[in-house]
Amino acid sequence: MTRTPFIAPTDTLSLIPTAAQAKLSKPKNRRAWEKRNPLRSHRIPTALHPTAKEIRLALAGLAEQYMTTHANIAAALMHFSLSELRSGKLHLTAQPNPNGLKMKIVWSCVDEHWPQEIPLPKKKKPAPLMLNKAKGLYLGYRWGHEVDVQISAEAEARGVTCGETLVRLMQYALDAYRSGRLRLKEASVVVKQQVNATWS
Amino acid sequence: MKAKIIVVANQKGGTGKTTTAVTLAGLLSLTNRSVILIDCDPQGQSAVALCLPQEAGVFNVLINQHADIHQYIRMTGRKGFDLLPGDRTTATAQAVLNAENRPLDVIEARLDPLRSEYHYIILDTAPSVGGIQERAVYAADYALIPTSTEFMSSNGLSQMLESLRQLVQRGWLGKLLGILPTFFDDVSNESKNTMQELKDQFGDVVLDPIHRATLLRECCAEGKLVYEMDPQHRATREYTALMNYIIKHT
(Lines give C-alpha, C1' and ligand atoms only; values in the text may rest on other atoms or scores of the structure.)
Protein backbone atom coordinates (compact mmCIF):
# COMPACT_ATOMS: atom_id res chain seq x y z
CA MET A 1 0.00 0.00 0.00
CA THR A 2 1.44 3.38 -0.99
CA ARG A 3 1.19 6.34 1.36
CA THR A 4 -0.35 9.62 0.26
CA PRO A 5 2.04 12.55 -0.16
CA PHE A 6 -0.54 15.19 0.68
CA ILE A 7 -1.00 16.85 4.05
CA ALA A 8 -4.68 17.77 4.38
CA PRO A 9 -4.74 19.54 1.04
CA THR A 10 -8.46 19.57 0.39
CA ASP A 11 -9.25 21.99 3.22
CA THR A 12 -6.45 24.27 2.09
CA LEU A 13 -7.67 24.34 -1.46
CA SER A 14 -11.20 25.31 -0.46
CA LEU A 15 -9.81 28.58 0.91
CA ILE A 16 -7.94 29.55 -2.25
CA PRO A 17 -10.10 30.93 -5.07
CA THR A 18 -9.43 29.31 -8.43
CA ALA A 19 -9.46 30.98 -11.82
CA ALA A 20 -11.88 28.44 -13.31
CA GLN A 21 -14.43 28.90 -10.49
CA ALA A 22 -14.12 32.69 -10.70
CA LYS A 23 -14.85 32.55 -14.42
CA LEU A 24 -17.88 30.32 -13.85
CA SER A 25 -19.28 32.29 -10.94
CA LYS A 26 -18.91 35.59 -12.75
CA PRO A 27 -22.44 36.69 -13.69
CA LYS A 28 -23.06 37.02 -17.40
CA ASN A 29 -23.13 40.63 -18.50
CA ARG A 30 -26.54 41.04 -20.10
CA ARG A 31 -25.70 44.59 -21.13
CA ALA A 32 -28.94 45.95 -19.71
CA TRP A 33 -27.56 49.48 -19.40
CA GLU A 34 -26.37 49.43 -23.01
CA LYS A 35 -29.80 48.25 -24.15
CA ARG A 36 -31.51 51.03 -22.19
CA ASN A 37 -29.04 53.61 -23.48
CA PRO A 38 -28.43 52.91 -27.16
CA LEU A 39 -25.51 54.70 -28.76
CA ARG A 40 -26.58 57.84 -30.57
CA SER A 41 -24.16 59.37 -33.03
CA HIS A 42 -24.37 62.98 -34.13
CA ARG A 43 -23.44 64.19 -37.58
CA ILE A 44 -20.74 66.81 -37.36
CA PRO A 45 -20.87 69.80 -39.74
CA THR A 46 -18.06 69.77 -42.30
CA ALA A 47 -16.46 72.93 -40.95
CA LEU A 48 -15.98 71.24 -37.58
CA HIS A 49 -14.43 68.02 -38.89
CA PRO A 50 -10.84 68.96 -37.90
CA THR A 51 -11.98 69.85 -34.38
CA ALA A 52 -13.99 66.64 -34.09
CA LYS A 53 -10.96 64.61 -35.15
CA GLU A 54 -8.83 66.37 -32.54
CA ILE A 55 -11.46 65.56 -29.91
CA ARG A 56 -11.47 61.93 -30.95
CA LEU A 57 -7.68 61.74 -30.68
CA ALA A 58 -7.63 63.52 -27.33
CA LEU A 59 -10.20 61.09 -25.94
CA ALA A 60 -8.17 58.12 -27.16
CA GLY A 61 -5.08 59.53 -25.45
CA LEU A 62 -6.90 60.16 -22.18
CA ALA A 63 -8.53 56.72 -22.28
CA GLU A 64 -5.10 55.14 -22.64
CA GLN A 65 -3.68 57.25 -19.83
CA TYR A 66 -6.47 56.37 -17.41
CA MET A 67 -6.71 52.77 -18.68
CA THR A 68 -10.44 53.04 -19.34
CA THR A 69 -12.80 53.25 -22.27
CA HIS A 70 -13.25 56.24 -24.56
CA ALA A 71 -16.89 56.40 -23.46
CA ASN A 72 -15.94 56.78 -19.79
CA ILE A 73 -13.68 59.72 -20.56
CA ALA A 74 -16.22 61.28 -22.94
CA ALA A 75 -18.96 60.94 -20.31
CA ALA A 76 -16.83 62.62 -17.64
CA LEU A 77 -15.93 65.52 -19.95
CA MET A 78 -19.50 65.95 -21.19
CA HIS A 79 -20.91 65.92 -17.64
CA PHE A 80 -18.39 68.64 -16.76
CA SER A 81 -19.40 70.82 -19.73
CA LEU A 82 -23.11 70.35 -19.10
CA SER A 83 -22.76 71.20 -15.42
CA GLU A 84 -20.77 74.33 -16.32
CA LEU A 85 -23.54 75.20 -18.78
CA ARG A 86 -26.23 74.73 -16.13
CA SER A 87 -24.35 76.76 -13.55
CA GLY A 88 -23.96 79.60 -16.03
CA LYS A 89 -20.16 79.48 -16.22
CA LEU A 90 -20.28 78.41 -19.84
CA HIS A 91 -22.29 80.35 -22.40
CA LEU A 92 -23.20 78.90 -25.73
CA THR A 93 -24.38 81.60 -28.11
CA ALA A 94 -25.78 81.00 -31.54
CA GLN A 95 -24.94 83.45 -34.29
CA PRO A 96 -25.64 83.46 -38.01
CA ASN A 97 -23.11 81.52 -39.99
CA PRO A 98 -22.03 83.63 -43.01
CA ASN A 99 -21.31 80.46 -44.95
CA GLY A 100 -24.72 79.14 -44.16
CA LEU A 101 -26.80 82.00 -45.63
CA LYS A 102 -29.30 81.24 -48.36
CA MET A 103 -31.54 83.56 -50.35
CA LYS A 104 -35.26 83.35 -49.87
CA ILE A 105 -37.96 84.78 -52.15
CA VAL A 106 -40.40 87.14 -50.45
CA TRP A 107 -43.29 88.89 -52.05
CA SER A 108 -44.49 92.50 -52.02
CA CYS A 109 -47.34 94.41 -53.64
CA VAL A 110 -46.64 97.59 -55.61
CA ASP A 111 -49.11 100.20 -56.81
CA GLU A 112 -47.29 101.29 -59.93
CA HIS A 113 -46.72 98.23 -61.98
CA TRP A 114 -46.18 97.05 -65.53
CA PRO A 115 -46.44 93.65 -67.24
CA GLN A 116 -43.62 91.19 -66.65
CA GLU A 117 -42.51 88.34 -68.86
CA ILE A 118 -42.00 84.89 -67.46
CA PRO A 119 -38.88 83.42 -69.12
CA LEU A 120 -38.69 79.90 -70.38
CA PRO A 121 -36.27 77.68 -68.47
CA LYS A 122 -32.79 77.34 -69.95
CA LYS A 123 -31.41 73.93 -70.72
CA LYS A 124 -30.58 72.23 -67.48
CA LYS A 125 -26.84 71.70 -66.98
CA PRO A 126 -25.67 68.38 -65.63
CA ALA A 127 -24.72 68.50 -61.98
CA PRO A 128 -20.94 68.81 -61.46
CA LEU A 129 -19.16 65.72 -60.16
CA MET A 130 -18.65 65.97 -56.40
CA LEU A 131 -15.27 64.31 -56.28
CA ASN A 132 -13.95 66.14 -53.26
CA LYS A 133 -17.10 65.95 -51.22
CA ALA A 134 -16.17 65.51 -47.57
CA LYS A 135 -17.20 62.22 -45.99
CA GLY A 136 -19.71 62.41 -43.22
CA LEU A 137 -18.24 62.43 -39.73
CA TYR A 138 -20.19 61.24 -36.75
CA LEU A 139 -19.37 61.38 -33.07
CA GLY A 140 -21.15 59.48 -30.37
CA TYR A 141 -20.20 57.89 -27.10
CA ARG A 142 -22.00 55.72 -24.60
CA TRP A 143 -22.65 58.40 -22.03
CA GLY A 144 -26.27 57.54 -21.47
CA HIS A 145 -29.59 58.56 -22.92
CA GLU A 146 -30.01 61.49 -20.49
CA VAL A 147 -26.88 63.19 -21.76
CA ASP A 148 -28.05 62.84 -25.35
CA VAL A 149 -31.40 64.39 -24.37
CA GLN A 150 -29.61 67.33 -22.75
CA ILE A 151 -27.42 67.87 -25.81
CA SER A 152 -30.49 67.81 -28.06
CA ALA A 153 -32.29 70.28 -25.79
CA GLU A 154 -29.36 72.70 -25.78
CA ALA A 155 -29.02 72.41 -29.55
CA GLU A 156 -32.72 72.96 -30.10
CA ALA A 157 -32.82 75.97 -27.80
CA ARG A 158 -30.14 77.67 -29.89
CA GLY A 159 -31.31 76.42 -33.27
CA VAL A 160 -28.06 74.66 -34.07
CA THR A 161 -27.29 71.03 -34.79
CA CYS A 162 -26.61 68.47 -32.09
CA GLY A 163 -23.25 67.66 -33.66
CA GLU A 164 -22.10 71.28 -33.40
CA THR A 165 -23.24 71.54 -29.80
CA LEU A 166 -21.47 68.30 -28.97
CA VAL A 167 -18.22 69.49 -30.51
CA ARG A 168 -18.33 72.81 -28.69
CA LEU A 169 -19.08 71.19 -25.32
CA MET A 170 -16.33 68.61 -25.71
CA GLN A 171 -13.92 71.28 -26.90
CA TYR A 172 -14.72 73.35 -23.81
CA ALA A 173 -14.08 70.39 -21.50
CA LEU A 174 -10.83 69.46 -23.23
CA ASP A 175 -9.60 73.06 -23.07
CA ALA A 176 -10.42 73.07 -19.36
CA TYR A 177 -8.46 69.81 -19.00
CA ARG A 178 -5.48 71.20 -20.93
CA SER A 179 -5.43 74.35 -18.79
CA GLY A 180 -5.41 72.15 -15.69
CA ARG A 181 -8.73 73.51 -14.38
CA LEU A 182 -10.42 70.15 -14.93
CA ARG A 183 -8.90 67.08 -13.35
CA LEU A 184 -9.95 63.51 -14.01
CA LYS A 185 -9.59 60.85 -11.38
CA GLU A 186 -10.79 57.32 -10.91
CA ALA A 187 -13.63 56.91 -8.45
CA SER A 188 -15.44 53.78 -7.40
CA VAL A 189 -19.08 53.63 -8.33
CA VAL A 190 -21.55 51.29 -6.66
CA VAL A 191 -23.14 49.30 -9.44
CA LYS A 192 -24.62 46.58 -7.29
CA GLN A 193 -25.92 46.52 -3.73
CA GLN A 194 -25.91 43.56 -1.46
CA VAL A 195 -27.98 42.98 1.63
CA ASN A 196 -26.34 42.09 4.89
CA ALA A 197 -28.53 41.14 7.83
CA THR A 198 -27.25 42.86 10.96
CA TRP A 199 -28.78 43.65 14.31
CA SER A 200 -28.01 45.99 17.15
CA MET B 1 -4.60 47.25 -21.53
CA LYS B 2 -4.02 46.04 -18.01
CA ALA B 3 -1.50 43.24 -17.80
CA LYS B 4 -2.42 40.02 -16.09
CA ILE B 5 0.33 38.86 -13.80
CA ILE B 6 0.90 35.11 -13.61
CA VAL B 7 3.35 33.64 -11.15
CA VAL B 8 4.83 30.20 -11.80
CA ALA B 9 5.72 28.94 -8.36
CA ASN B 10 6.50 25.86 -6.35
CA GLN B 11 8.72 25.57 -3.31
CA LYS B 12 10.10 22.30 -4.64
CA GLY B 13 12.93 22.55 -7.15
CA GLY B 14 13.11 20.74 -10.50
CA THR B 15 9.40 20.82 -11.24
CA GLY B 16 9.67 22.60 -14.59
CA LYS B 17 8.91 26.12 -13.41
CA THR B 18 11.41 27.88 -15.70
CA THR B 19 10.60 25.69 -18.71
CA THR B 20 6.88 26.35 -18.17
CA ALA B 21 7.36 30.10 -17.65
CA VAL B 22 9.62 30.57 -20.68
CA THR B 23 7.54 28.39 -23.02
CA LEU B 24 4.29 29.94 -21.91
CA ALA B 25 5.64 33.47 -22.39
CA GLY B 26 6.90 32.56 -25.85
CA LEU B 27 3.63 30.95 -26.91
CA LEU B 28 1.55 33.87 -25.62
CA SER B 29 3.72 36.27 -27.62
CA LEU B 30 2.93 34.26 -30.75
CA THR B 31 -0.74 35.17 -30.33
CA ASN B 32 0.00 38.89 -30.80
CA ARG B 33 0.03 39.49 -27.06
CA SER B 34 2.93 41.36 -25.53
CA VAL B 35 4.58 39.44 -22.73
CA ILE B 36 7.38 40.09 -20.29
CA LEU B 37 9.05 37.33 -18.33
CA ILE B 38 10.55 38.34 -15.01
CA ASP B 39 13.17 35.99 -13.64
CA CYS B 40 12.90 36.12 -9.86
CA ASP B 41 15.05 33.00 -9.50
CA PRO B 42 18.67 33.60 -8.37
CA GLN B 43 19.71 30.77 -10.70
CA GLY B 44 18.85 33.10 -13.61
CA GLN B 45 17.96 30.20 -15.90
CA SER B 46 15.32 32.08 -17.88
CA ALA B 47 18.01 34.15 -19.58
CA VAL B 48 20.04 31.01 -20.25
CA ALA B 49 17.02 29.29 -21.80
CA LEU B 50 16.58 32.24 -24.13
CA CYS B 51 20.26 32.38 -25.05
CA LEU B 52 20.74 35.70 -23.28
CA PRO B 53 23.33 36.71 -20.68
CA GLN B 54 22.36 36.66 -17.01
CA GLU B 55 22.12 40.16 -15.60
CA ALA B 56 21.31 41.80 -12.29
CA GLY B 57 18.02 43.19 -13.63
CA VAL B 58 15.75 41.98 -10.85
CA PHE B 59 18.32 42.99 -8.23
CA ASN B 60 18.47 46.54 -9.55
CA VAL B 61 14.71 46.83 -9.86
CA LEU B 62 14.15 45.66 -6.29
CA ILE B 63 17.02 47.51 -4.62
CA ASN B 64 17.02 50.81 -6.56
CA GLN B 65 13.46 51.77 -5.77
CA HIS B 66 13.61 54.94 -7.85
CA ALA B 67 15.30 53.49 -10.93
CA ASP B 68 13.25 53.21 -14.10
CA ILE B 69 12.42 49.53 -14.60
CA HIS B 70 12.53 49.90 -18.39
CA GLN B 71 16.33 50.25 -18.49
CA TYR B 72 16.73 46.67 -17.25
CA ILE B 73 14.31 45.07 -19.72
CA ARG B 74 15.91 43.11 -22.55
CA MET B 75 14.47 42.06 -25.89
CA THR B 76 14.56 38.34 -26.54
CA GLY B 77 14.63 38.67 -30.31
CA ARG B 78 11.08 37.42 -30.46
CA LYS B 79 8.25 39.80 -31.30
CA GLY B 80 6.31 40.90 -28.22
CA PHE B 81 8.45 38.90 -25.81
CA ASP B 82 10.73 40.75 -23.38
CA LEU B 83 12.75 39.59 -20.41
CA LEU B 84 13.76 41.15 -17.13
CA PRO B 85 16.76 38.94 -16.41
CA GLY B 86 18.08 37.87 -13.05
CA ASP B 87 21.26 36.34 -11.74
CA ARG B 88 22.74 35.31 -8.40
CA THR B 89 22.47 38.91 -7.15
CA THR B 90 18.73 38.27 -6.93
CA ALA B 91 19.54 36.27 -3.78
CA THR B 92 21.22 39.39 -2.37
CA ALA B 93 18.09 41.38 -3.15
CA GLN B 94 16.08 38.76 -1.28
CA ALA B 95 18.34 39.13 1.75
CA VAL B 96 17.94 42.92 1.64
CA LEU B 97 14.16 42.69 1.32
CA ASN B 98 14.01 40.42 4.34
CA ALA B 99 16.54 42.42 6.38
CA GLU B 100 14.74 45.70 5.74
CA ASN B 101 11.39 43.99 6.23
CA ARG B 102 10.05 45.51 3.01
CA PRO B 103 6.27 45.22 2.59
CA LEU B 104 4.57 42.33 0.80
CA ASP B 105 3.55 44.52 -2.12
CA VAL B 106 7.07 45.68 -2.99
CA ILE B 107 7.21 43.72 -6.27
CA GLU B 108 3.63 44.62 -7.12
CA ALA B 109 4.50 48.32 -6.80
CA ARG B 110 7.63 47.97 -8.96
CA LEU B 111 5.66 46.20 -11.70
CA ASP B 112 2.99 48.87 -11.80
CA PRO B 113 4.51 50.83 -14.75
CA LEU B 114 4.48 47.65 -16.86
CA ARG B 115 0.79 46.97 -16.28
CA SER B 116 -0.26 49.28 -19.08
CA GLU B 117 2.44 48.11 -21.50
CA TYR B 118 2.03 44.35 -21.63
CA HIS B 119 -0.80 41.88 -21.90
CA TYR B 120 0.89 39.34 -19.63
CA ILE B 121 3.61 39.57 -17.01
CA ILE B 122 4.98 36.16 -16.11
CA LEU B 123 7.02 35.71 -12.95
CA ASP B 124 9.39 32.80 -12.72
CA THR B 125 10.23 32.14 -9.08
CA ALA B 126 12.87 30.34 -7.07
CA PRO B 127 12.25 27.07 -5.26
CA SER B 128 12.32 28.68 -1.83
CA VAL B 129 10.02 29.95 0.88
CA GLY B 130 9.57 33.58 1.87
CA GLY B 131 11.41 36.59 0.51
CA ILE B 132 11.04 37.22 -3.18
CA GLN B 133 8.82 34.21 -3.89
CA GLU B 134 6.22 35.28 -1.35
CA ARG B 135 6.21 38.85 -2.66
CA ALA B 136 6.08 37.63 -6.28
CA VAL B 137 2.99 35.54 -5.52
CA TYR B 138 1.43 38.50 -3.73
CA ALA B 139 2.00 40.65 -6.85
CA ALA B 140 0.32 38.07 -9.11
CA ASP B 141 -3.28 37.88 -10.24
CA TYR B 142 -2.94 34.17 -10.94
CA ALA B 143 -0.72 31.40 -9.60
CA LEU B 144 0.29 28.40 -11.65
CA ILE B 145 1.91 25.55 -9.73
CA PRO B 146 3.91 23.08 -11.80
CA THR B 147 4.52 19.88 -9.93
CA SER B 148 6.43 16.89 -11.20
CA THR B 149 4.50 13.66 -10.95
CA GLU B 150 6.57 12.07 -8.22
CA PHE B 151 6.04 11.56 -4.52
CA MET B 152 8.46 14.20 -3.18
CA SER B 153 7.16 16.91 -5.48
CA SER B 154 3.56 16.32 -4.49
CA ASN B 155 4.57 16.72 -0.88
CA GLY B 156 6.06 20.11 -1.77
CA LEU B 157 2.77 20.98 -3.45
CA SER B 158 0.93 20.76 -0.12
CA GLN B 159 3.39 23.22 1.36
CA MET B 160 2.92 25.55 -1.60
CA LEU B 161 -0.86 25.49 -1.20
CA GLU B 162 -0.44 26.21 2.50
CA SER B 163 1.70 29.25 1.59
CA LEU B 164 -1.03 30.42 -0.80
CA ARG B 165 -3.64 30.00 1.92
CA GLN B 166 -1.58 32.15 4.28
CA LEU B 167 -1.23 34.81 1.59
CA VAL B 168 -5.01 34.79 1.03
CA GLN B 169 -5.40 35.46 4.76
CA ARG B 170 -2.93 38.35 4.44
CA GLY B 171 -4.97 39.94 1.68
CA TRP B 172 -3.81 38.30 -1.53
CA LEU B 173 -6.57 38.78 -4.09
CA GLY B 174 -5.16 36.43 -6.73
CA LYS B 175 -6.56 33.14 -7.94
CA LEU B 176 -5.15 29.69 -8.40
CA LEU B 177 -4.85 29.09 -12.12
CA GLY B 178 -4.16 25.42 -11.64
CA ILE B 179 -1.78 22.67 -10.69
CA LEU B 180 0.26 21.61 -13.69
CA PRO B 181 1.60 18.06 -13.54
CA THR B 182 4.97 17.93 -15.31
CA PHE B 183 7.47 15.19 -16.18
CA PHE B 184 4.52 12.86 -16.60
CA ASP B 185 5.56 9.41 -17.69
CA ASP B 186 2.93 7.02 -19.04
CA VAL B 187 5.00 3.93 -18.31
CA SER B 188 6.08 4.75 -14.76
CA ASN B 189 3.81 3.48 -12.01
CA GLU B 190 4.92 6.23 -9.64
CA SER B 191 4.05 8.86 -12.21
CA LYS B 192 0.63 7.35 -12.90
CA ASN B 193 -0.14 6.88 -9.20
CA THR B 194 0.86 10.43 -8.34
CA MET B 195 -1.24 11.74 -11.21
CA GLN B 196 -4.22 9.77 -9.93
CA GLU B 197 -3.60 11.05 -6.38
CA LEU B 198 -3.48 14.61 -7.67
CA LYS B 199 -6.79 14.20 -9.50
CA ASP B 200 -8.44 12.55 -6.50
CA GLN B 201 -7.28 15.23 -4.12
CA PHE B 202 -7.60 18.39 -6.17
CA GLY B 203 -10.13 17.53 -8.91
CA ASP B 204 -10.60 20.13 -11.63
CA VAL B 205 -7.73 22.29 -10.42
CA VAL B 206 -5.31 19.73 -11.87
CA LEU B 207 -4.54 20.63 -15.47
CA ASP B 208 -3.64 18.30 -18.30
CA PRO B 209 -0.12 16.95 -17.72
CA ILE B 210 3.03 17.86 -19.61
CA HIS B 211 4.81 14.65 -20.56
CA ARG B 212 8.50 14.09 -19.90
CA ALA B 213 10.31 14.97 -23.14
CA THR B 214 13.95 14.91 -24.12
CA LEU B 215 13.31 17.82 -26.44
CA LEU B 216 12.52 20.09 -23.47
CA ARG B 217 16.03 19.43 -22.11
CA GLU B 218 17.62 19.96 -25.52
CA CYS B 219 15.89 23.31 -25.97
CA CYS B 220 17.94 24.86 -23.20
CA ALA B 221 21.21 23.81 -24.80
CA GLU B 222 20.10 25.25 -28.13
CA GLY B 223 18.78 28.48 -26.61
CA LYS B 224 15.48 27.89 -28.39
CA LEU B 225 11.95 27.32 -27.24
CA VAL B 226 10.18 24.02 -27.73
CA TYR B 227 7.91 25.29 -30.49
CA GLU B 228 10.95 26.70 -32.31
CA MET B 229 12.64 23.32 -32.15
CA ASP B 230 9.65 21.24 -33.22
CA PRO B 231 6.23 22.83 -33.73
CA GLN B 232 4.59 19.40 -34.04
CA HIS B 233 6.10 17.88 -30.91
CA ARG B 234 3.80 16.59 -28.17
CA ALA B 235 5.31 19.04 -25.66
CA THR B 236 4.50 21.93 -28.01
CA ARG B 237 0.91 20.75 -28.29
CA GLU B 238 0.59 20.32 -24.55
CA TYR B 239 1.99 23.75 -23.78
CA THR B 240 -0.24 25.26 -26.48
CA ALA B 241 -3.26 23.67 -24.77
CA LEU B 242 -2.07 25.18 -21.48
CA MET B 243 -1.73 28.57 -23.14
CA ASN B 244 -5.28 28.35 -24.50
CA TYR B 245 -6.55 27.43 -21.03
CA ILE B 246 -4.77 30.47 -19.60
CA ILE B 247 -6.14 32.82 -22.24
CA LYS B 248 -9.63 31.46 -21.56
CA HIS B 249 -9.47 31.70 -17.79
CA THR B 250 -7.62 34.97 -17.28
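Aromatic pairs and a hairpin in a predicted model

Phe80(A) and Tyr172(A) are both buried in this predicted model.

Q: Why is the aromatic pair of Phe80(A) and Tyr172(A) called stacked?
A: The ring centres of Phe80(A) and Tyr172(A) are 5.9 Å apart, with 10° between the planes. Pairing needs centres within 6.5 Å and stacking needs planes under 30 degrees apart, so the pair counts as stacked.

Q: What makes this pair a tie between separate parts of chain A?
A: Phe80(A) lies in helix H5 (residues 70-86) and Tyr172(A) in helix H7 (residues 162-179), so the pair joins parts 92 residues apart in sequence.

Q: Why is the pair of Tyr141(A) and Trp143(A) called tilted?
A: Tyr141(A) and Trp143(A) have 5.7 Å centre to centre and 55° between the planes. Stacked requires under 30 degrees and edge-to-face over 60, so this pair is tilted. The structure holds two aromatic pairs over all chains.

Q: How do you know whether Tyr141(A) and Trp143(A) are buried or exposed?
A: Tyr141(A) has a relative accessible area of 10%, and Trp143(A) has 5%. The cut-off for buried is under 20%, so both residues are buried.

Q: What makes strands S3 and S4 of chain B a pair?
A: Three bridges join S3 (residues 74-78) to S4 (residues 81-84), and the strands run antiparallel. Pairing needs at least two bridges, so S3(B) and S4(B) pair. Arg74(B) has Leu83(B) as its bridge partner in S4(B).

Q: Which residue in the hairpin of S3(B) and S4(B) takes a positive phi?
A: Gly80(B) does, with phi near 75°; the hairpin has two residues between the strands.

Methods. Residues are numbered from 1 along each chain as its sequence is written. Chains are lettered from A and ligands numbered from 1 in the order in which they are written. This is a predicted model: local features need pLDDT of at least 70, side-chain atom pairs count only at pLDDT 80 or more; totals for chains, interfaces and linings use all residues. Side-chain values use heavy atoms; hydrogens and water are left out. Helices (H or I, at least four residues) and strands (E, at least two) are DSSP runs, numbered from the N terminus. Rings of Phe, Tyr and Trp (its six-membered ring) pair if their centres lie within 6.5 Å; planes under 30 degrees apart count as stacked, over 60 as edge-to-face and the rest as tilted. Buried means under 20% relative accessible area, exposed over 50%, partly exposed in between (1.4 Å probe, protein chains only).
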